[in-house]
Amino acid sequence: MSEQIEAQPTVQHILDRALQGHLPSDEEALLLADFTDTRALADVAQVLRDEGFNNVVTFSKKVFIPLTHLCRDVCHYCTFAQVPRKLKAPYMTIEEVLEVARHGARMGCKEALFTLGEKPELRYKAAREALAEMGYASTTEYLLAAAEAVFKETGLLPHLNPGNLSPEELNTLRHASPSMGIMLESASDRLTEKGMPHHGSPDKVPAVRLATLNNAGIARIPFTTGILIGIGETRAERIESLLAMRAIHREHGHIQEIIVQNFRAKAETKMVNAPEPDLNELLWTIAVTRIVFGAHMSIQAPPNLSPGVLPQIVHAGINDWGGVSPVTPDFVNPEAPWPHLEDLRRETAAAGKYLTERLTIYPGYAVDLEQWAHPDLHERILEMIDAEGFPRIDDWCPGDVDIAPPVEVMTAIMDAPKAVSGSVRNILDNVLDAAPDHNLLDEAEIVRLFQARGDDFTAVVQAADQLRQQVNGDTVSYVVNRNINYTNICYFKCQFCAFSKGKLAENLRGRPYDLSAEEIGRRVTEAWERGATEVCMQGGIHPEYTGDTYIDILHTVKAAQPQMHIHAFSPLEVWQGAATLDMDLVPYLEKLQAAGLGTLPGTAAEILDDEVRAVICADKINTQQWLEVMEAAHQVGFKTTATIMYGHVEGYHHWARHLLRVAALQQKTGGFTEFVPLPFVHMEAPMYLKGKARKGPTFREAILMHAVARLVLHGLINNIQTSWVKMGHEGVKACLNAGCNDLGGTLMNESISRAAGTQHGQETSSAQMRRIVGAMNRQPRQRSTVYGVVKPERERAGLNAAELADIVNTPARKYERKRPSASLVRNNLIDAVNLSGG
């Protein structure tokens, strides 16, 4: 580094240890006060920031709601606080608040920032009278009412900055606000002395503000705080302020961001002629803040206070610009307009970073709502976030035909990446350079790929497609098949399933059915006549079904059409069937094979991690049981598929574990023919309707699932399939440019996803499949279930298929359960586990 570092080996030691992940002690941090090489500090801060936040810099799209400009404090630099005679009214009315919030919601804002003076009723009669006239005893009580009104009517998430609060006030406001904040500004009592900026302001006494910060931690409220630099404090006092905040955060873990705000001199204040901190002072403070707090604390600098130098601020170690409003001015700094979002995006990109939105509650807290948010807020926040806790920035959802895939993501798939993070580039280089049988990424590397945004996203997708080209060329395959779901009666209580019906089902919409042998045979014959080479058969787990029921279904299919390939029975059905006959898995699978079963679908996998399964399907087979069924099937000689159903309650680390478990079994058996990502369709899913799940993956996440699967499974599973039922025709085209080579089946009938709410139809014909592939200048290939060649006669029949006859779902007969419900075969994952990965 610089000569100055060499002259100060103690500081060199501090910085070297910081790069190794060690936070400086209080004594070591204070040594930085006399260190003047800002560039050297920024060099370390950049590395730490990239370790914690990759290539992303965030902002919150907000409206600014100044509920009252009255304040009992008299800070010498402030123009926000006014006296009653200068105001039209002491407080905004609820309707005025809502009008601002409605405008913000129409403009795509997600945060309603409430800023107000501290407890004005303790100083001004006008405030007390206004509150009494409206029916409120305090400003805090009125703030709660305003925040609740905004949340209920507009869905914006309130962020509250009312100043110092008692423990009781914090707990009350927590009902309506997922995050709050208080600027410490400085921990120096010296600044409250006569002639200093906080003299005469009782709420700026450091001990009082630190008590509020501590009480917020006790209340488990994600909190924002920070320092104001250039108001007369020394560098050592700044560091002391940072250390005071760090001590409280270490105890509670609730501080989600540290703001480094530079003083701006304002007209009509006592500090109008005070010198403003220069750029070097700001950059020095940002870098020191990053070093004191480490890689994973969010560090923010307001962009409107430092126009023209934003890339330098990024290089100093920030990862967040704070709230930026397309609607309202910065009422605290009215002389400093917000940058236009496109300008902010461009300047962030000039620093090699990708600008993206966040919510007022930061991602790490948003994915752990049980600990960090009041239950009244959970449903709304879950609806707004992706699996990492970032906001959904478009309206696309799996299964929704009315919303096209977002243009930004579609464009990014094909763009040339300009600034790829070193961590992503290293992972991709290792995958592309590795021998196919030696490519096995670890969990952290896979999670990093799922976190890819901006140019990192483009690089991941294009690397996956490079492997697709190597393995599969430009051939895109599909199979002409028919789905036959033989019953929708099921005694399992999967929280994502809208298909099953029955006495023990979570949802009882629609009529229960149990197909007759005649109807199954009719559908098989019709499918053969329409060119099908496969029937894909699954259903609910009917309480009266035994292992022999599945044997009978196989006999029915073969009696109707002996040449039809039967792709049937998930590991759950196999496991349940074997258990009802008191048979081990291998002999039961051999019995199914003898009856005509050809291959097994790898469904019922959902997420192969029992932390997740305990939440979404606690009575279903667990991860190990799913893997055991598949391993036994491969041992018997069956080929199977593998799936993942994602986008509901799980995180990226669960996706990574799922892929690694599939990869490990494939290394052992080689029995998987393809990997099939199935994005969660939320519309009718019980856990979504109960407010307990997200709205499926974002389009970016869906594309990444296919791409990362290709990268992780390269050399193990050659075929990555995309589901047109979930992704839609335009969505699958994007997936075909992201590592996929297979479109799955034509289906003819699709019941399970349609029950969950997908609107993408029941059939994509052979002719449609060919048009989709041809539009991309690829070569369509109709395949068999196991990727073999299909006879020309089958291809012609598929291309000339007649219209389907109406299906008949045989009404389920009433039955007396032969066994008590307690004796039904099920697994129990009793203890739900923390899903945040913490």
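Residues are numbered from 1 along each chain as its sequence is written, while side-chain values use heavy atoms, with hydrogens and water left out. Because the model is predicted, local features need pLDDT of at least 70 and side-chain atom pairs count only at pLDDT 80 or more, whereas totals for chains, interfaces and linings use all residues.

Strand β1 (residues 56–68) runs parallel to β9 (residues 354–357), joined to it by four bridges; two strands count as paired if DSSP finds at least two bridges between them. Strand β8 (residues 320–324) is likewise parallel to β1, through three bridges, with G323 as the partner of S60. Six bridges, again in the parallel sense, connect β1 to strand β2 (residues 111–116), where L113 is the partner of F64. Between β1 and β2 the chain passes through helix α5 (residues 94–106), and this β-α-β crossover is right-handed, meaning that, with the strands pointing away from the viewer, the path from the first strand over the helix to the second runs clockwise. Since 13 of the 13 residues of β1 are buried, the strand is largely enclosed by the rest of the structure; buried means under 20% relative accessible area, exposed over 50%, and partly exposed in between (1.4 Å probe, protein chains only).

Turning to the helices, the axes of α17 (residues 407–414) and α29 (residues 699–713) come within 9 Å and cross at roughly 30 degrees. The two helices are therefore roughly parallel, a term for angles under 35 degrees, with axes fitted to C-alpha atoms over the stretch in contact and angles running from 0 to 180 degrees between N-to-C directions. V409, M410 and I413 in α17 meet F699, R700 and I703 in α29, contact meaning heavy atoms within 4.5 Å.

Technical notes: Parallel < 35°, antiparallel > 145°, perpendicular 65-115°, else oblique.
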